[in-house]
Amino acid sequence: MLTALLFDLDGTLTDTDTLHLQAFRQLLREHDGRELSQAQFEAQVSGRANGELFAELFNQASAEQRLALAERKEALFRELAAVLTPLPGLLRLLEHAQGRGLGMCVVTNAPRLNAEHMLTAMGLGTRFEHVLVADELERAKPDPLPYLTGLQRLGAAAGQALAFEDSLPGVKAASAAGIFTVGIATTQSAERLLGAGAGLVVDDFDDPRLWALIEGLC
C-alpha cells in the first residue's frame, strides 16, 4: 500500500531549468567569457549537486573561489525566480496525498537556501514534512543515499513509496533506492528517463496514467 511520496524540486515541482540556464550563462560570461549551450546544460549541468559540478566547471579555481562562484550563481537564480508556478496537477496531488495521510518530503540536490526560496515562491513552504538537501548529506544524487534518507525520515519502505524526478541523476538515485520512480519530462526526453530507470514518464501531474497508478496503489 502506498504510504509516501518523495519529490525532487527543480524541474519536478516547478519548471526552473530555463532560469538556472540563464543564471549559469551570466555567471560564466562574468567569470571568463564562456558560453553555455542548451545542449551542454542538459547533458552536463541539469540535476547535479554544486560541489562536483563547480569543481568540474572551474577546475583551476580554489575551493574557496568555487564556493563563492556557486553562491553567486544561486543568488542570480533566486533573483530570476521571485515567483514560481507549480507544475499542472501538483496541488491536486498534494491535497490528495494529505487527505490520504501519505508522508511527503522533498529530496533535492539544490542548496537549502534555494530549496526554501522555491517552496515559498510556489506557496508550498509548509506542505512537506521534510526537505532533504543533498549538500547536508554524505553523498548527493545519483547516489541513492538522499532517497534512502527520505524513506527513513518518513518511516516508509521503498515498496510503499513513489518518487518523482525530472533529471537523470535523480531518476538513477530514486530507482537505486528501490522506489518506483515517475519521470517528469520537463528537462529530459521520455526515452532518457526510462533508460535511467523511470517506471513511468509523464508530462505533468495531471496525466491520467499517473492517477491510475496512484489509485491502484492506495
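The legends below describe close-up views of a predicted model.

**View 1. The crossing of helix 1 and helix 2.**
Two packed helices are described by the angle between their axes and the distance between the axes. Helix 1 covers residues 17-32 and helix 2 covers residues 38-45. Their axes come within 11 Å and cross at roughly 100 degrees. Angles of 65 to 115 degrees count as roughly perpendicular, and helix 1 and helix 2 are therefore roughly perpendicular to each other. On the side of helix 1, the residues that meet helix 2 are D17, H20, L21, F24 and R25. Helix 2 contributes Q38, F41 and V45 to this meeting. Sorted by class, the contact of helix 1 with helix 2 has four nonpolar, two polar and two charged residues.

**View 2. L36 in the loop between helix 1 and helix 2.**
The loop that joins helix 1 to helix 2 contains L36. The relative accessibility of L36 is 8%. Buried means under 20%, so L36 counts as buried at 8%. With its neighbours within four places in sequence left aside, L36 is in contact with L21, F24, R25, L28 and F41. Among these, L21, F24 and R25 in helix 1 and F41 in helix 2 also take part where the two helices meet.

Rolling a probe the size of a water molecule over the atoms shows where empty space is left. The structure holds one cavity of 30 Å³ or more. The volume of the largest cavity is about 270 Å³. Its lining is made up of 23 residues, and those nearest its centre are D10, H20, S46, G47 and R48. Helix 1, helix 2, helix 3 (50-57) and helix 4 are the elements that give two or more residues to this lining. Helix 1 gives the most, with three residues. By class, the lining of the largest cavity has seven nonpolar, seven polar and nine charged residues. One of the residues nearest the centre, H20, is also among the residues of helix 1 that meet helix 2.

**View 3. The largest pocket and its lining.**
About 240 Å³ of space lies in the largest pocket. It is lined by 13 residues, with N50, L67, A70, E71 and D135 nearest its centre. Helix 3 and helix 4 each supply at least two residues of this lining. The largest share, six residues, comes from helix 4. The lining of the largest pocket divides into six nonpolar, two polar and five charged residues.

**View 4. Helix 4 packed with helix 6.**
Helix 4 spans residues 63-80, and helix 6 spans residues 112-121. The two pack at an angle of about 5 degrees, and their axes are 10 Å apart. Angles under 35 degrees count as roughly parallel, and helix 4 and helix 6 are therefore roughly parallel to each other. E74, F77 and R78 in helix 4 meet L113, N114, H117 and M118 in helix 6. This contact of helix 4 with helix 6 has, by class, three nonpolar, two polar and two charged residues.

**View 5. G125 in the loop between helix 6 and strand 3.**
Strand 3 covers residues 130-133, and G125 is found in the loop between helix 6 and this strand. Exposed means over 50%, so G125 counts as exposed at 52% relative accessibility. Not counting residues up to four places away in sequence, G125 touches L119 and T120. G125 and A115 are 10 residues apart in sequence, and their C-alpha atoms are 9.4 Å apart in space.

**View 6. Helix 7 and the residues on either side.**
Most residues other than glycine have a negative phi, and most peptide bonds are trans. The peptide bond from K141 to P142 is cis, with omega near 15 degrees. P142 is found in the loop between strand 3 and helix 7 (145-154). Seven of the 10 residues of helix 7 are buried, so helix 7 is largely enclosed by the rest of the structure. The buried residues are L145, P146, Y147, T149, G150, L151 and L154. They pack against strand 1 (4-7), strand 2 (103-108), strand 3, strand 4 (161-165) and helix 8 (168-176). G155 follows helix 7 and has a positive phi, near 65 degrees.

Note on methods. Residues numbered from 1 in each chain as written. Predicted model: local features only at pLDDT ≥ 70, side-chain atom pairs only at ≥ 80, totals over all residues. Heavy atoms only, no water. Helix = DSSP H or I, 4+ residues; strand = E, 2+ residues; numbered from the N terminus. Buried < 20%, exposed > 50% of the residue type's maximum accessible area, 1.4 Å probe, protein only. Contact = heavy atoms within 4.5 Å. Axes fitted to C-alpha atoms, helices over the stretch in contact; angles between N-to-C directions. Parallel < 35°, antiparallel > 145°, perpendicular 65-115°, else oblique. Nonpolar A, V, L, I, M, F, W, Y, C, P; charged D, E, K, R; others polar. 1 Å grid on protein atoms, 1.4 Å probe; cavity = no way out; pocket = protein on both sides within 12 Å on 5 of 7 lines; lining within 4 Å. Points joined across faces, edges and corners; volume = space filled by probe spheres on them.
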